[in-house]
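Biologist: I would like to learn how to read a fold from its coordinates. Can we go feature by feature?

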Amino acid sequence: MEALSLVVSRLQQCQRVVVFTGAGVSAESAIPTFRDALTGLWSRFDPARLASPEGFLSDPDLVWGWYEWRRRKALLAEPNPAHLAIARLLPLVPELTLITQNVDNLHERAGNQHLLRLHGSLHQPRCFNCATPYPLPEGIPDEPEGGRRLTPPRCARCSGPIRPGVVWFGESLPETIWQQAEQATNQCDLLFSIGTSSLVWPAAQLPFQAKQHGATVVQINPNGTSLDPVADFNLHGPAGFILPQIVNALAEEPLQR
Ligand code: BV8
Ligand code: ZN
């Protein structure tokens, strides 16, 4: 029996499923991962430098321009078959927890309203000093293709600079969300790790942690990662091609209780 049907038959016996996603799940929506997003103005910068508080403080216009350019990309993008398949999985399993490292809003736009965002969101900027949320103007920011430097707006409350609502390198993950993610990981019967290079910590530890707690781990990624030797199944291909097949098969034969 080929790997994909084995995954489906395993899924039919599961109560608790975790879907853990990285930037690769948005790749087929043409959203550049932040390494691919280093084009034009930003091509000569190290992503970990731009995606850091120090990077922002040393050149707020450069960093705010980069994030506004990425936010525009996310707003112009559409959810792809991988996002849509994950949304279709929801009613097919008793308990599904979606944990994402992504900062775009494509999972929500595909229909997954409840998700744990480990690294925040491009769409929820806040004041760098007092953390007051900043109400983004309606519509899509107009950005020349290569992007440009943009001066961040100022906070209405304390006039501090507005920053993107993402978790930067060197910043802690949101405590409650991280605890909920670990709890779901420790209790699940099966965890999908989809579209992540498993390079960014502590998020990358979740699939390993699920395995340690006895879960079946299914990785979906065209490329190999450090998770390959640990995963029970490595489905090497694009998520937008593999996931719909799994969900279609499960929809035909739901859970065998
Ligand atoms: C923290 C928001 C410390 C910003 C992001 C050990 C423990 C703890 C920390 C560390 C540690 N070791 C090192 C660290 C520091 C650091 C870290 O991990 N560095 C790495 C580079 C070594 N971690 C941190 O700083 C974290 N903070 O731990 O704080 C602390 C602790 C206590 C108290 C105070 C402080 C914070 C990390 C969060 C960083 N922010 N995002 C932004 O987006 O601008 S992470 C960022 O990288 C994105 O969220 C993204 O998800 C992630 C990975 O980037 P990519 O490579 O672009 O994407 P991905 O990994 O998903 O790769 C794409 C994959 O998709 C590939 O494998 C590809 O093959 C695959 N793919 C392609 N096409 C498809 C596909 N898959 C399926 N289908 C396809 N079609
Ligand atoms: Zn403020």
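Biologist: Which residue stands opposite Ile 99 in S3?

Modeller: This is a predicted model, so keep that in mind throughout. Strands of a sheet pair through backbone hydrogen bonds, either parallel or antiparallel. Here, Ile 99 faces Leu 116 in S3. Strands S2 and S3 run parallel and are joined by 2 bridges.

Biologist: How many bridges pair S1 with S2?

Modeller: S1 and S2 (residues 95–100) pair over 6 bridges, in the parallel sense. Thr 21 has Thr 100 as its bridge partner in S2.

Biologist: And which residue in S6 stands opposite Thr 21?

Modeller: That is Ile 194. Strand S1 (residues 16–21) and strand S6 (residues 190–194) are parallel, with 5 bridges between them.

Biologist: Which residues of helix H5 are buried?

Modeller: Check the relative accessible area: buried means under 20%. In H5 (residues 81–89), the buried residues are Ala 82, His 83, Ala 85, Ile 86, Ala 87 and Leu 89. They pack against H1, S1, S2, helix H6 (106–110), S6 and H9.

Biologist: What sits at the start of H5?

Modeller: Asn 80. One of its side-chain oxygens comes to within 2.6 Å of the backbone nitrogen of Ala 82.

Biologist: Now the backbone. Which residues have a positive phi without being glycine?

Modeller: Most residues other than glycine have a negative phi, and most peptide bonds are trans. Ala 30 has phi near 60°. Ala 30 belongs to the loop between S1 and helix H2 (47–50). With a relative accessible area of 59%, Ala 30 is exposed. Ser 159 also has phi near 60°. Ser 159 is in the loop between strand S4 (120–127) and strand S5 (162–166). Its relative accessibility is 43%, so Ser 159 counts as partly exposed.

Biologist: Where is a cis peptide bond found?

Modeller: Between Trp 201 and Pro 202, with omega about 0°. Pro 202 lies in the loop between S6 and helix H8 (205–212).

Biologist: Last, the whole chain. What radius of gyration does the protein have?

Modeller: The value is 19 Å. A compact globule of 257 residues would be near 18 Å, so the two agree. The C-alpha trace spans about 60 × 35 × 35 Å along its principal axes. The protein holds 9 helices and 8 strands.

Biologist: What share of the residues is buried?

Modeller: Buried residues make up 52% of the 257.

Technical notes
Residues are numbered from 1 along each chain as its sequence is written. Chains are lettered from A and ligands numbered from 1 in the order in which they are written. This is a predicted model: local features need pLDDT of at least 70, side-chain atom pairs count only at pLDDT 80 or more; totals for chains, interfaces and linings use all residues. Side-chain values use heavy atoms; hydrogens and water are left out. Two strands pair if DSSP finds at least two bridges between them. Helices (H or I, at least four residues) and strands (E, at least two) are DSSP runs, numbered from the N terminus. The radius of gyration is taken over C-alpha atoms; the globule rule is 2.2 Å times the number of residues to the power 0.38. Buried means under 20% relative accessible area, exposed over 50%, partly exposed in between (1.4 Å probe, protein chains only). Contact means heavy atoms within 4.5 Å. A polar contact is a pair of N or O atoms within 3.5 Å; within protein, one must be able to donate a hydrogen and the other to accept it, and residues adjacent in sequence count only if both atoms are side-chain atoms.
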